[in-house]
Amino acid sequence: MADPVGPSKLQPRNPGIDLLRGLSILLVMLNHIGIRMRLTQGILATILPKWFLNDINFNGSEAVDIFFVISGFLIASNSITRWGRLGAVHARSFYIRRAARIVPCLVALVALLSLLHLAQVHDYVIHEPHQSLGGAVASAFGLYLNWYEGHTGYLPASWDVLWSLSIEEVFYLAFPLVCLALRKDRILAPLLAALALTQAAALASIVGNPIWKEKAYLPGMAGIAMGVFTAILAAHVPLRSRLAMQTLEILGAVGIAAVLLFEDRLWPYLGNGTMLLLTISAACLVFAFHAHALAAPGWRLPGTVWLQSLGRLSYEIYLTHMFVILAVVRLFKAMGAGVRWGILWYPPALALAWVVGWMVAKAYSTPAEKVLRKKLMKTEHALTAETIAARP
């Protein structure tokens, strides 16, 4: 779940999109805590419906689908702003920006996890029969960790978070090349829409492998394509009517809430189309938030600063939150705390995950991105100058 927005972004941060991204990372963390400390086994189960508590704990995959849409939209909209249109994207510059954002944290995480495995630290040892440290490292850097897990089983939790990064970055490796090959938005847009609409069929085609169904390339890429298509649509059909913005915001919010809260009831009617409803709803909301920011620069969403903060740090929190959650759960068990009061451990786990994410961003990922981007851009400019000088 890589954050496409780095320190030298083209547009001011959009509070609505940060809010939605914050909701996504919050749901992921609640999912990973809930697997280990279920709310349905605690005190809240005496006052709240179990279906509601399960929805709080088990919407992690749905949250990643929302994030795929956001990522696609931001990557495409920033590219359109930078180069005027997707068909004019500068591939080398695009890859430099992606690498500068992704690589520092990825390298650090894989190095740390490898050391923890070699030191035989509990919760970090790779022990499945068909898995190895070499295989995990290769799949993380080779962007096929999702495939690796689909064929060998789940990796330890802190490795497992990298599955979504594999899908995103494979999509973005091809993205500028496809844009340059097709050139025209009128060709790109329908192809992206077609890819986005394959999500239900792609999910339905996967039978008998629940890990691969959750983490396969095509369904995830369909969500990213939905975001890219929405960015193209926003560039060509700007929303200027406040009523249109509010309508899209309501439709998007209702659609997302319906899937997050009533997925089990929708599934008999929509089947795998439930996930398509989720990505379409997320696209509506992102489109509306984008239009709102253009129409009223500096707009605010009072009372949501904490959630927006989660959104701004979503990449760092996503990669590091399992360290916090595993430590909190181990402390929970060591203290003999009863599961009945497990809810009391949720707030400190979430707060500490934010603190760790903030520290990583402040002390490492943001400075590293700036340095790496500067060096790579300098190399790019030097190569360009040499190429021009060598022309006859």
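Predicted model: local features only at pLDDT ≥ 70, side-chain atom pairs only at ≥ 80, totals over all residues.

Residues are numbered from 1 along each chain as its sequence is written, and side-chain values use heavy atoms, with hydrogens and water left out.

**Aromatic pairs**

A search of the whole structure finds 15 aromatic pairs. Rings of Phe, Tyr and Trp (its six-membered ring) pair if their centres lie within 6.5 Å; planes under 30 degrees apart are stacked, over 60 edge-to-face, and the rest tilted. Two of the pairs are set out here.

| Pair | Centre to centre | Angle of planes | Class |
|---|---|---|---|
| Phe 68 and Trp 163 | 6.3 Å | 90° | edge-to-face |
| Tyr 124 and Phe 323 | 5.6 Å | 20° | stacked |

Phe 68 sits in helix α3 and Trp 163 in helix α8 (residues 163-182), so this pair ties together parts 95 residues apart in sequence. Helices are DSSP runs (H or I, at least four residues), numbered from the N terminus. Phe 68 and Trp 163 are both buried. Here buried means under 20% relative accessible area, exposed over 50%, and partly exposed in between (1.4 Å probe, protein chains only).

Tyr 124 belongs to the loop between α4 and α5, and Phe 323 to helix α16 (residues 314-334), so their pair ties together parts 199 residues apart in sequence. Tyr 124 counts as buried because its relative accessibility is 9%.

One aromatic cluster is formed by Phe 94, Tyr 95, Phe 171, Tyr 172 and Phe 175.

**Positive phi in a loop**

Gln 120 is not a glycine, yet its phi is positive, about 60°. Its place is the loop between α4 and α5 (133-142). With a relative accessible area of 54%, Gln 120 is exposed.

Asp 123 also lies in the loop between α4 and α5. Its phi is near 85°, again positive in a residue other than glycine. Asp 123 is partly exposed, because its relative accessibility is 28%.

**Positive patch**

Which residues gather in a patch of positive charge on the surface? They are Arg 85, Arg 183, Lys 184 and Arg 186. Patch residues have over 30% relative accessible area and no salt bridge, and like charges are joined within 9 Å. A salt bridge is a side-chain nitrogen of Lys or Arg within 4 Å of a carboxyl oxygen of Asp or Glu.

Arg 85 lies in the loop between α3 (60-83) and α4 (91-118). Its relative accessible area is 37%, so Arg 85 is partly exposed.

Methods. Patch = residues over 30% accessible without salt bridge, like charges linked within 9 Å, V, L, I, M, F, W, Y side chains within 5 Å. Areas by Shrake-Rupley, 256 points an atom, 1.4 Å probe, with all protein chains shown as cover. Lys, Arg positive; Asp, Glu negative; His and termini not counted. Charge placed at Lys NZ, Arg CZ, Asp CG, Glu CD. Helix = DSSP H or I, 4+ residues; strand = E, 2+ residues; numbered from the N terminus.
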